[in-house]
Amino acid sequence: MPDAVIPLGLLYVQASIPARHQSELWDLCFEAAPLDHLWARITAFSPDVVAIGMRNIQNNDYTGYHDNLSWYADILATVRSCTTSPTVLGGGGFSVMPAELMQHLRPDFGISGEGEAAFELLLEALERGDGDFSGVPNLHRVVTDGLGRERVHSNPAAVRFQDLDALPVPDRRLVDPRHFANYRIDSVQTKRGCSLKCDYCTYPTIEGRAVRRRDPARIVDEMFESLARQPEIRHVFVVDSVFNLPPSHAKEICRQLAARGWQVPWTAYANPLAFDRELADLMRQANCAGLEIGADSGVDAILDRMRKGFSLADVRKMDATCKAAGVKDCMTFILGTPGETLDDVRATIDFCTDLDPFAAIMMVWMDDYESLDAALAAERRVFREQIKELMRQKAEEFPRWLIPALGVNFDARLFGLLRAAGKAGPLWQYIDMVGKDRRSARLRRQAAAA
Ligand code: B12
Ligand code: SF4
């Protein structure tokens, strides 16, 4: 939940593997018996290296806390049962806590952060066979010292600045066609990095703090080429941490999309900082379906503590600008962040009620370390239940709020109805079509017609 997403990160890494190597991409997402499928593919291909993309450590509240670590352990065990070739873990999930995950899952290697250059260097080191991995940035290994003690050895990060336009464009022909057939969503990245310093955020750990932009013309070319190849695409998600920073980059992409007559709706993450009417108008012209805005809290003191850099006044201004320009805004709030009280949670709920954005997503705070720390998980669970009870009392009053932890306007059945009606992309865009009983007659009629 909510959707399967194309493995864009793995596609980038794979596109950077030198042509002298043979490689295959196996997506277990749609397999009825994924581990059997993996076993069969490894046995047939006999790879010298098995690289595994670890995107999600946990499901982040969408259906209640559920971590994926045992699933990754099963994948690694299956690989080991049919080959002695080295295993490499990488991806957004892995990068959030690489040392802990190396200890826990024991792959031969791990690469955190951007994988393109590092993976290529690792392949070179493995080909040389001299056991010298010192030149591979962000490489993690479990090593044993002279006294037999184990520790995780991590190489320093790369210092060089990666020119994103020098990277090969992901080859979507490798994507399992069921992604596009079933979900009709494409993903595109326009830049990497976020220079803001929100205190809970893992995004700069994955992508870095330095913002590196791609050439807008190439981005728009990539979108049109992908659409020409997969005409079933009905939505594009811009996967940038924050699309509108810097605004000049976002504006130029919108201008080019509008000039070239882009028709497919798209969504992006946006920030109240530096959001102005010109950008909102350009987004509208470029067929933006809406923005997901991390408003996070309805309490200024909490925004300050989180080092968000904006205030409630900025959130109000952004909401008003979106409404005036006709861009749907979905404000996301995180309830119960570390140090928050139940009164703070109540204040956030009141703020959102008063703001009345097009849609709101109420998330309950999850800590990634809960997947490794049972005591922390137990403590957090109690507070989460109190927050959920508070939300339960309010849920009926706000038909355009999504409360994933309670399944309010967010459940598999509703998703099924929307997808059957041909609706792609984030569910909140269609929230005005969803009746109080969450299965409005209009939606049912569209599903039947489709
Ligand atoms: C955009 C996004 C979404 C969009 C995706 C839309 C779409 N159509 O693609 C939406 C909103 C749907 C979404 C949903 C979810 N997301 Co999300 N999402 C992101 C985000 C912002 C960008 C992901 C992305 O595509 N990046 C672009 C690609 C190119 O980068 P990449 O995947 O990181 O790959 C690079 C490296 O990681 C590495 N790499 C990748 N794979 C491999 C493999 C190997 C072997 C190697 C060596 C390297 C390597 O190299 C790649 C290129 O440099 C990240 C945060 C971030 N800034 O990274 C979170 C993030 C990936 N999401 C996360 C989560 C948890 C989820 C959800 C489970 C729940 C939720 N509440 O959001 C769902 C799961 C969806 C699914 N089916 O998997 C977490 C995962 C880690 C964790 N904490 O568990 C992240 C990291 C955010 C966070 N909370 O910290 N997400
Ligand atoms: S603006 Fe968003 S991506 Fe950047 S640090 Fe803050 S929460 Fe993270």
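Me: In what order do the five strands of the open sheet stand, and which pairing do they have?

Reply: Strands of a sheet pair through backbone hydrogen bonds, either parallel or antiparallel. Here the order in the open sheet is E1-E2-E3-E4-E5, with mixed pairing. Strand E1 (50-53) and strand E5 (150-154) are the edge strands, each pairing on one side only. From one strand to the next, the twist averages 25°. Strands (E, at least two residues) and helices (H or I, at least four) are DSSP runs numbered from the N terminus, and two strands pair if DSSP finds at least two bridges between them. The model is predicted: local features need pLDDT of at least 70 and side-chain atom pairs count only at pLDDT 80 or more, while totals for chains, interfaces and linings use all residues. Residues are numbered from 1 along each chain as its sequence is written, and chains are lettered from A and ligands numbered from 1 in the order in which they are written.

Me: In which sense do strands E2 and E3 pair, and which strands does helix H6 touch?

Reply: E2 (residues 87-90) and E3 (residues 109-111) pair in the parallel sense over three bridges. Val88 stands opposite Phe109 in E3. Helix H6 (residues 116-128) packs on the sheet and touches E1, E2, E3 and strand E4 (139-144). Its direction makes about 155° with that of E3. Such angles run from 0 to 180 degrees between N-to-C directions, with axes fitted to C-alpha atoms, for helices over the stretch in contact.

Me: At what angle do helices H2 and H3 pack, and which residues meet?

Reply: H2 (residues 34-45) and H3 (residues 69-82) pack at about 35°, their axes 9 Å apart. Contact is counted when C-beta atoms, placed from the backbone, lie within 7 Å. From H2, Leu35, Leu38, Trp39, Ile42 and Thr43 meet Asp74, Ile75, Thr78, Val79 and Cys82 of H3. This contact has seven nonpolar, two polar and one charged residues. Ala, Val, Leu, Ile, Met, Phe, Trp, Tyr, Cys and Pro count as nonpolar, Asp, Glu, Lys and Arg as charged, and the others, Gly among them, as polar.

Me: Which domains does the assignment give, and how many residues does each bring to the contact?

Reply: Domain bounds come from an automatic or database domain assignment. For this chain, the assignment gives domain 1 (8-154) and domain 2 (184-449). Their C-alpha centres lie 30 Å apart. Domain 1 brings 17 residues to the contact and domain 2 brings 16. Helix H4 (92-96) and helix H5 (98-105) each supply at least two residues of the side of domain 1 that touches domain 2. H4 gives the most to that side, with three residues.

How values were computed: Two residues are in contact if their C-beta atoms, placed from the backbone, lie within 7 Å.
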